[in-house]
Amino acid sequence: MQKKPFITKEQLDKIIEQYPTPFHLYDEKGIRENARRVKEAFSWNPGYKEYFAVKATPNPFLIKLFHEEGCGCDCSSMTELVLSEACGVTGKDVMFSSNVTTADEYRKAKAMGAIINLDDFTHIDFLEEEAGLPDLVCLRYNPGGVFELSNGIMDNPGDSKYGFTKYQLLKGYSVLKMRGVKNFGLHAFLASNTVTNDYYSDLAAVLFRLAVEIKQQCDVSLSFINLSGGVGIPYRPEQESNDIMKIGEGVRKRYEEILVPAGLGDIAIYTEMGRFMTGPYDGLVTKVIHQKHIYKEYLGCDACAADLMRPAMYGAYHHITVMGKEDQPNSRLYDVTGSLCENNDKFAVDRMLPYTEVGDILFIHDAGAHGHAMGYNYNGKVRHAELLYKEDGSVQLIRRSETIRDLFATFDFCDVVKDADIPQGW
Ligand SMILES: *Cc1c(COP(=O)(O)O)cnc(C)c1O
């Protein structure tokens, strides 16, 4: 199977004339069409809402785009709350799913009217003391042990720092009810980047049964169940993508089997997907600026791990297309590297690609989630621009490249680098 960029070489060359490489290029059409499919997949549930996980791609232009498509924001920090609010996403359109939360963050979330999702039992008192309890509170569940999907995919909730134990959860609802909270939600995130149509329905079965138990034991009827993120994308060309319509249908079946007979057929389903919403719809576009032949063959790029850290951090696979050479055989073995003084700064290791030369443009696929967002400034490298390839074929700058001035901004309390001699364009 082949992975194709959403843009042709000719179109990309035109963009590069105006915006020099490297840059992230997001596909508006792909993002909107996918957001609409997600909405349709869950349209059987009248209260359904997707809260886009802002951390995946914290760009105000994309947040607004998602808001136009009916999505809210899932935030986990002060900055994400402030950003959502600045984009006009506030009140119940904001889910605040944080952990190790500060008092200031709770106060801000409460002031915005956001839905607060508590990560721990002790946060009930903390929230009450620091911000006061809102009318609606959500609790995050951690079942412990191992979470195994029917297809064998596993994750390890027992090793994860998030959420309440079951005992704490049941006690939590009772305590909150006693203290005057009126409405409740339930949340869990049990496996990451699941490339299977079963994850949400398996998770839903766990949470729906728990909802019945919560009703029986605490006399609390949940208003919503938040399936959180974790729906994955096929980074490798041989992987098959998730079918969101099947995923929605799988959750509906569990809903009909478990919640409806228990008289809980009015619970809204929420999701807070990040990766699935933006991951496939962005390519990191970078130029090969050096080629090196030592014990291995290296292609050196003008982008580095500052622009996309996943390969360096997790050894993650990102497919690479050499633009204009799509039909040539993958005849050469390369390491594709950035310029950091870190040997893990490699977009690909031992990758078969067509014969590639200095000046060739690489399209690094699936960089749209946890890509630019994870970037860092090690070695004084800047994070480069984000561009939006619009539905009408035009291109919009949605974040400029950082500059050395930006990196020096934290010395603005003194004049130690005031007279720095910064070359043009840096
Ligand atoms: C990261 C995260 C998400 C989004 O996860 P994806 O795998 O990108 O969909 C959603 N909710 C919470 C609480 C998260 O931490």
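I started with the shell around the ligand and sorted its residues into 3 nonpolar, 6 polar and 5 charged. For this sorting, Ala, Val, Leu, Ile, Met, Phe, Trp, Tyr, Cys and Pro count as nonpolar, Asp, Glu, Lys and Arg as charged, and the others, Gly among them, as polar.

I note that the model is predicted, so local features need pLDDT of at least 70 and side-chain atom pairs pLDDT 80 or more, while totals for chains, interfaces and linings use all residues. Residues are numbered from 1 along each chain as its sequence is written, and side-chain values use heavy atoms, with hydrogens and water left out.

Next I looked up polar contacts (pairs of N or O atoms within 3.5 Å). A ligand oxygen lies 2.7 Å from a side-chain N or O atom of Lys-55. I found a ligand oxygen 2.8 Å from a polar backbone atom of Gly-274, and one at 3.2 Å from a polar backbone atom of Gly-230. The ligand alone exposes 380 Å², of which the protein buries 90%, by the Shrake-Rupley method with a 1.4 Å probe.

Then I turned to the cysteines. I counted 0 disulfides, a disulfide being a pair of cysteine sulfur atoms within 2.5 Å. Cys-218 is in none, and the nearest cysteine sulfur, that of Cys-138, is 14 Å away.

Is Cys-218 buried or exposed? I list Cys-218 as buried, because its relative accessible area is 7%, and buried means under 20%, exposed over 50%, partly exposed in between (1.4 Å probe, protein chains only). Cys-414, at 32%, is partly exposed.

How values were computed. Polar contact = N/O pair within 3.5 Å; in protein donor to acceptor, adjacent residues only side chain to side chain.
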